[in-house]
Structures are given as C-alpha cells and as structure tokens.
Amino acid sequence: MDLDVVLLSRLQFAFTVMFHYLFPPLTIGMGIVLVYLEGMYLRTREPIYETAAKFWTSIFAVNFAVGVASGIVMEFEFGTNWAVYSRFVGDVFGSALAAEGIFAFFLESGFLAVLVFGWDKVSPGFHFFSTVMVALGGIFSSIWIIVANSWQQTPAGHRIVPVLRNGKPWIVNGVAMMRAETADLWSVVFNPSTVNRLTHTLIGAFILGAFFIMSISAWYILKGRHLDFARRSFTGALLLAVLSSVAQLLSGHFNARMVARYQPAKLAAFEGHFQTGPADLHLTGIPNPEERRVDYSIAIPKGLSLLAKHDPSAPVIGLDRFRPEDWPPVRLSFLSYHIMVALGIYLIVLTLFASWLRMRGSLFDKRWLMWVFVFSVVAPFAANQLGWVAAEVGRQPWTVHPRVVTDAQGEPVLDEAGFVQYVLNEGLRTSAAISEAVRGEQVLASVVMFGLIYGVLFLVWVFVLHQKIQRGPEPVTPGAHTTREGFLRAAEDRVLHEGSLTELKEEGREESND
Amino acid sequence: MIEGFDLPAVWFVLLGLLLAGYAVLDGFDLGVGILHFFAKDDRERRIFLNAIGPIWDGNEVWLVVFGGALFAAFPMAYATLFSGLYLVFMLVLFALIFRAVSIDFRSKIHSPRWRSFWDFGFFFASFIATFLFGVGIGNMMIGVPLDDRGVFIGRFLDLLNPYALLVGALTLAMFAMHGAIYLFLKTPPGRLLVRLRSMMWHTWGIFLVLYLLTTIYTLMRIPRAVANFEHLPWAGGIVVLSVFLIANIPRSIYRRRYFIAFFSSSFMITSLVSLFGIALWPNLVTASNNPAFSLTVYDAASSEATLKTMLIFVLVGMPFVLTYTGIVYWTFRGKVEVPEEGY
C-alpha cells in the first residue's frame with residue numbers, strides 16, 4: 001500500500017493542533033476573568049466574588065487539564081512527523097518551544113495545583129498570587145508559540161548555514177546539508193509578524209473566554225438559577241467581550257496589511273485576488289481557481305486596495321504573479337478567512353447590542369437573546385480555529401515561508417517570467433519537511449489512534465463540564481470563610497487533598513448523598 | 001568550544017538533569033499507577049489517586065520541557081530519535097493521554113463496572129508508558145541503525161529486542177518501587193500501609209534482580225557502555241554510589257526511615273540516568289550499523305550562540321521552577337485523607 005505520508009502527516013498535525021487549540025484560548029481568556037474575580041474578592045470581601053472565583057476555577061481546571069493532555073503531543077510531533085523540518089529549524093524554532101517550557105509550563109502547572117486544591121490550605125492573598133501566575137503562564141506560553149509560528153511565516157534574525165559534522169560541512173551525495181541558525185535573537189522574537197499576530201491571538205482568546213462564561217451564565221439566567229452570580233458574571237464577561245471584539249477588528253486590519261507586505265500570495269488567496277491590479281473586496285463568494293475568478297461574489301469595488309494600501313487605485317499583487325506550484329490552496333484559505341471575518345462582525349454586533357440593552361437595564365429580560373448567548377460560544381471557538389486554518393493553509397506550500405525579494409520601496413521584485421521572487425534557500429516546502437524514517441502505514445495508524453483517543457477526551461470534557469454546570473456554584477454563605485494568616489501557617493494544617501486536577505474532590509460528598 | 005565552556009557538553013548534562021528530574025518525579029506517580037492494579041477496594045484506589053492528585057500534571061511538564069530542550073539544543077538528535085522511534089513515542093503519547101483521561105473520568109459515573117474499566121485504564125496506561133520509556137532507553141544504549149545523514153533505517157519490531165525489553169522491565173520495577181515508597185509516605189495508618197510495606201520489599205527485590213541482569217547483559221553485549229570509564233575516573237564513583245543507594249533503600253525501610261528510603265530511591269534513579277549518560281557520551285544517538293554514522297553531541301548541537309542563549313534562559317528560569325515546585329510540594333505535603341463513611 002502506498003500512502004501519502006505528506007498528506008497524512010498534515011492531516012494528523014491539523015487534527016491534533018486544532019483539537020489542542022480548543023483549550024488554550026479558553027484558559028487564557030478565563031484566566032483574565034479569574035484574576036479579576038479574585039482581585040475583587042480581596043478588595044471587597046464580598047462572598048459572591050469568592051463563590052464565582054471558585055466555580056469558574058473548577059471549570060477552568062477542566063479546560064486546562066484537557067489542554068495539557070493534548071498539548072504534550074505538540075511538543076513531540078515536530079520530531080516524529082517533521083524530522084527534516086526539525087533539523088532545518090531546530091536552532092531557531094526549537095529554542096522558542098524550550099523557552100515556553102521553561103518560562104510558562106512549570107509556572108502554569110505548579111500554581112494550578114494551588115488554584116484547584118489550595119483554597120483551604122493557603123491564604124486568599126497567596127491564592128490570588130497563584131491565580132495571577134497561572135494567568136501569566138498562559139500568556140507567556142502564547143508569546144513563545146506565536147514567536148515560533150511567526151518566524152515560520154515571516155522569518156527574520158537568522159542565517160542559513162551548512163550543518164557541520166566533525167567541524168566540516170556535512171555533505172550527503174555531494175550536497176551540503178543546510179539549516180537556519182539564530183543570528184540575532186531579538187530579530188527572531190520580534191520578526192515582522194510577531195506583535196500583530198500575538199495581539200490578534202490574545203484578543204481572540206479573551207473573546208472566547210468571555211463568551212464561554214456568558215454562555216454558561218445565560219443558561220443559568222434562563223433556568224432562573226444562581227441569578228445574582230450569573231448576572232454579575234455575565235456583565236463582567238460582556239464588558240471584556242465587547243471591548244475585545246471591537247479591538248479585534250482593528251487588529252485584524254493591521255494583520256491583513258502585514259500579510260499584504262510579507263506574504264502577498266497568502267493575501268491574494270485570502271481575498272480570491274487572481275489578477276494583479278486594483279482589488280475589490282469580496283464580501284461573499286467561492287473562489288474558482290481553475291477559472292481564476294470568484295463565483296457568487298458580492299464585492300466592494302476597490303475595497304481591498306483601500307484596506308491593504310490605503311489607496312483605492314493602488315495595485316494589489318494577485319495570484320497571477322506566482323508560479324502555480326507556489327499557490328496556497330485558494331478555496332480553503334478564502335473560505336476560512338472570510339468565515340472568520342464574518343464571525344468577528346457577528347460578535348461585534350451581538351456584544352454592542354447586548355451592551356446597549358445592559359445599559360438600559362433590560363438585557364436579562366430578553367430570553368431569546370439569552371438563548372442566542374448560550375449558543376454563541378460556538379462562534380468564537382470557530383473563529384479562533386478558522387483564523388489558524390487561514391494562517392497555516394495560507395502559508396502553504398511552505399512550512400518555512402521564504403522571504404520575498406523586495407526593492408527599496410518594499411515592493412516585490414519580479415523575475416524575467418514576471419513572477420514574484422523568493423529567497424528560495426531560506427524557505428522549506430511542506431512536502432520536503434516530513435520524516436523520511438516514517439512510513440505511511442505508521443502515520444495512518446497514529447491518525448486513527450489520535451482520532452479515537454481525542455474522541456474520548458472530547459466526550460470526557462463535555463461530560464465533566466455538563467456535570468459541573470448542572471451542579472452550579474456553591475451557595476453563598478456570608479461570613480463562613482475563615483481568613484488564614486499566611487501561607488506557611490496554613491500549610492502546617494493537616495493536608496486534605498483528594499482527587500485529580502479536575503474533579504475527584506467532589507466525589508466523597510456525592511457518594512455520601514447516595 | 002576551546003575557550004571557556006564546552007557548551008554541547010554542558011547541554012548534554014542539562015538534558016540529563018531534565019531527564020532525571022522527570023524520571024524521579026513522574027517516576028513515582030507512574031509507579032503509583034502500576035501499583036494501582038494491586039489496590040483491593042475503592043477506598044485504597046482513591047488513596048492511590050489522591051496521593052498524586054495535585055502533582056502528577058506538573059511532573060509531566062518535565063517530559064515536555066525535556067522534549068523542548070532536546071529540540072532546541074540538539075535538533076538533529078530530536079529529529080532522528082522521535083521519527084526513528086515513531087511508533088514507540090506515539091504509543092507513549094497515547095498512554096499518557098489515556099492515563100489523564102482515566103484519572104479524570106473514573107469518578108464520573110457511579111457504576112462499579114465503569115469505575116473498574118477506568119481503573120484498569122489508569123494501571124494499563126501507566127504500565128505501558130513506563131515500559132516504553134524503558135524500551136526507548138534500552139535502544140539508545142544498544143544503538144539503532146542510521147544512514148549517513150543520521151536518519152533511522154530500522155524497523156519497528158527491531159526496537160523490541162531482548163535488551164530493550166529487559167530495560168523496559170527494569171524501568172517498571174524501578175518506578176513501581178519508587179511509587180511504593182512514595183505511597184507509603186502518603187498513606188494513613190491502616191491495613192493498606194501494612195501491605196505497602198511488603199510491596200516496597202517485593203518491588204525492591206524484583207528491581208534488584210533485574211538490575212543485576214541488566215548490568216551483566218550490558219557488560220557482556222555493549223562494550224562501548226563502559227568505554228568512558230577508562231578516561232573518566234569519577235565514573236566508577238557513580239557506580240559505587242548507585243550500589244550504595246540501592247542497598248540503602250531496604251536499610252532505611254528496615255529502620256523505618258521512609259523519607260530517607262524515598263530520597264535514596266530518587267538519587268538512585270538520578271545516578272542510573274547519569275550512568276546512562278556516561279554510557280552514551282559523546283553520542284546522543286549511537287548507530288548500531290556503523291560507528292561513523294552515530295550522532296555525537298557536537299554533530300547534533302545547535303549553534304554556540306543558541307546554546308549560550310538557552311543556557312541563560314535555563315539559569316534564569318530554573319531557580320524559579322525549583323522554587324515553585326518546592327512550594328507546591330510543601331503545600332500538599334503530609335498524609336492523604338479519605339472520608340470513611342459510605343464504605
């Protein structure tokens with residue numbers, strides 16, 4: 001059997017990373033809310049904040065646990081499936097991953113234990129500190145991952161040099177093996193797309209975290225349960241959501257301009273722009289790469305030129321300036337990008353409308369709108385995923401995107417055949433990046449296994465969340481909380497730590513009720 | 001390289017420390033998972049799980065950071081090892097995920113059959129992950145076939161050779177023993193504690209037998225494993241130390257100094273990881289077919305500048321890591337409590 005190792009490896013990476021990426025943005029976004037709730041509790045000492053913090057922490061922990069379980073895979077998958085890539089970029093890309101581990105993972109996982117199991121063992125002040133550390137850990141983690149991925153998109157700060165063996169270039173079949181090495185760390189970290197993409201990713205995470213909380217809160221409001229708790233949670237999350245949604249529009253605009261400059265083929269694929277020249281902005285449509293046009297299109301004339309170049313008559317490079325083998329998959333890039341943008345607009349309209357109602361005081365009486373919010377959490381989930389699909393599919397056919405040769409004005413230089421020129425030795429094609437030692441059947445086997453085990457993991461997640469939401473937050477009992485004097489003093493008390501990071505703690509209580 | 005530090009060598013040692021950190025920390029919670037099979041009733045099983053509840057997740061981070069550090073410092077070895085041992089590492093990953101699912105899932109439905117399914121899953125996943133780690137280490141000791149570019153050219157079944165299987169068994173016994181001592185420290189007085197005492201003895205005995213077998217096999221079949229002893233006089237000291245530590249475990253158990261037994265076990269694991277490093281040096285991946293194809297630390301390393309930057313990251317980051325790891329273990333120290341009612 002002759003299986004396509006490239007295709008299978010790509011499918012496996014896409015599946016495992018998309019599954020994984022359901023969770024990190026959720027925990028990053030919720031982390032901000034947890035910090036806010038615990039901070040408010042420390043300041044006001046109102047028990048409702050403590051109740052809320054405890055409830056959302058237990059939900060946070062479930063999301064975090066699934067994120068960690070699926071995240072271990074990502075650390076090793078470059079080596080297992082993308083060995084050629086790993087050899088080529090390890091010096092640069094591997095460093096960012098290692099830095100993530102050292103600066104973020106230990107911080108998150110260590111203090112998460114205090115967050116989940118430490119309510120009665122450490123002082124509220126130290127618990128708050130732990131929450132801040134976990135939230136920071138999530139953000140640190142995203143910084144390094146975005147640095148690594150942005151370097152793949154817009155490499156900078158490196159040089160391509162021969163690999164040495166015994167101090168001499170490593171020659172195989174007369175060809176020296178080459179790789180990328182860090183020349184200037186700060187240029188790697190702040191490569192042309194890092195800041196824009198990090199901002200976009202973090203805001204996406206804040207929106208998801210906020211919508212996740214609004215979804216559950218809206219459900220409580222509809223069921224008439226935990227009303228005070230649910231309304232406060234909803235209002236806080238709505239504030240975060242409306243600010244983030246509007247900010248995301250701006251951030252998206254800056255990202256598109258950055259892509260236009262550094263990855264013109266990607267932008268052309270996003271926009272279905274086939275012919276170089278002033279470009280329309282397609283609001284709808286399905287690209288037809290064979291005919292080089294967009295079917296079913298409703299477009300704003302010259303809209304893309306205006307957005308990307310701030311000049312309606314400025315020419316935008318189209319796909320006609322690229323060799324066919326250098327085209328990204330146009331349909332998938334276009335659709336994922338456009339649906340993401342549409343979802344973003346929907347979130348802006350929805351949160352603005354809800355904020356207006358909230359200010360008038362009638363938000364929580366609109367049952368239909370609460371139902372809309374229960375289900376709208378799907379939209380930011382999808383938008384986060386589609387944004388990554390657009391970013392990664394749009395980068396194809398490269399795993400490391402080669403630099404575009406530009407003139408003094410920053411405009412791409414064309415070769416004799418009229419195509420945009422790349423610095424080819426700096427790039428790496430996806431089809432050349434896979435592991436030579438791995439056979440198709442092996443990848444097929446691992447794809448099937450990942451499918452099965454992630455299926456189970458997803459069911460666990462849904463099931464555990466459902467249980468926790470059904471049970472709801474603990475009833476508020478004013479004055480029940482005893483303040484501890486200090487963390488060390490508290491730690492001297494006898495230790496009661498039941499269960500795992502997620503759930504077992506409640507087990508004893510339930511069973512004694514049986 | 002000549003002036004100042006031999007950075008690839010420094011990173012070789014650092015990776016050894018990360019691997020040892022992982023083996024010591026996740027070693028005991030994997031061991032708890034293996035012993036979980038021998039728990040008699042639900043209360044015992046919950047003591048097992050609660051003993052590792054807050055910390056197993058953090059222990060696994062050591063593995064993730066080991067992977068990241070290997071990628072950054074020795075990308076050639078990272079690529080060769082993980083693609084070469086593809087199915088072994090995939091199975092390890094599945095086992096680790098399945099283990100996490102089992103821990104989180106077992107208590108969700110109150111049916112004995114449901115619970116025993118996930119209990120078995122927890123045991124089985126811990127068992128498989130531990131065994132395959134050992135198989136991986138065994139293959140690195142014995143070497144794998146590589147081509148002139150450092151790409152693995154063997155077959156999966158060749159990885160399940162007798163030596164690798166023996167090291168797999170040794171790792172199982174070692175983690176089981178380590179886990180038994182840890183559990184003994186965490187278990188409140190009762191029948192379980194008495195049984196754990198005999199478990200400590202049994203797992204130590206099995207470990208000792210497998211340790212001797214592995215040592216004999218290594219000395220007979222892998223001459224390069226001891227080649228470095230000729231010019232590293234202190235290496236012999238580590239062998240002596242490891243033997244002393246192995247002997248100190250039963251001595252401490254007998255004298256009821258259980259913390260000392262646990263520390264002996266921890267340092268013993270560290271000393272075995274050191275011996276593994278000495279056996280490998282200067283290779284990271286030994287080619288079994290042609291010594292010239294082996295990937296040495298110098299062939300496999302990233303640039304000097306990157307190794308230096310990463311070293312700074314480690315020097316800045318690790319003190320914090322050790323501090324909050326310490327805080328977490330201190331916070332959750334002491335015996336586990338499990339409510340008695342209802343059983």
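**Salt bridges and the chain interface**

B:R155 is exposed, at a relative accessible area of 53%; buried means under 20% relative accessible area, exposed over 50%, and partly exposed in between (1.4 Å probe, protein chains only). The model is predicted, so local features need pLDDT of at least 70 and side-chain atom pairs count only at pLDDT 80 or more, while totals for chains, interfaces and linings use all residues. Residues are numbered from 1 along each chain as its sequence is written, chains are lettered from A and ligands numbered from 1 in the order in which they are written, and side-chain values use heavy atoms, with hydrogens and water left out.

B:R155 forms a salt bridge with B:D158, with 3.2 Å between the closest N and O atoms. A salt bridge here is a side-chain nitrogen of Lys or Arg within 4 Å of a carboxyl oxygen of Asp or Glu. B:D158 is partly exposed, at 39% relative accessibility. Over all chains, the rule gives 20 salt bridges.

Another of these pairs is A:R87 and A:E436, at 3.9 Å from N to O. A:R87 lies in helix α4 (residues 83-117) of chain A and A:E436 in the loop between β14 (428-429) and α14 (440-471), so the bridge ties together parts that are 349 residues apart in sequence. Helices (H or I, at least four residues) and strands (E, at least two) are DSSP runs, numbered from the N terminus. A:R87 is buried, at 6% relative accessibility, whereas A:E436 is partly exposed at 39%.

A:E436 also meets B:R149 in a salt bridge, at 2.6 Å from N to O. A:R87, A:E436, B:D147 and B:R149 are linked in a network of salt bridges. Across the interface of chain B and chain A, 2 salt bridges are found. The side of chain B that touches chain A draws at least two residues from each of α2 (42-52), α3 (56-73), α4 (75-84), α5 (86-105), α6 (112-142) and α12 (304-331) of chain B. Of these, α3(B) gives the most, with 14 residues.

In total, 85 residues of chain B are in contact with 92 residues of chain A, contact meaning heavy atoms within 4.5 Å. About 7800 Å² is buried between the two chains, and carbon and sulfur atoms give 69% of that area. Buried area is the accessible area (1.4 Å probe) that two parts lose on being put together, summed over both.

Within chain B, B:D119 and B:R45 meet in a salt bridge at 3.8 Å, N to O. B:D119 is buried, with a relative accessible area of 7%.
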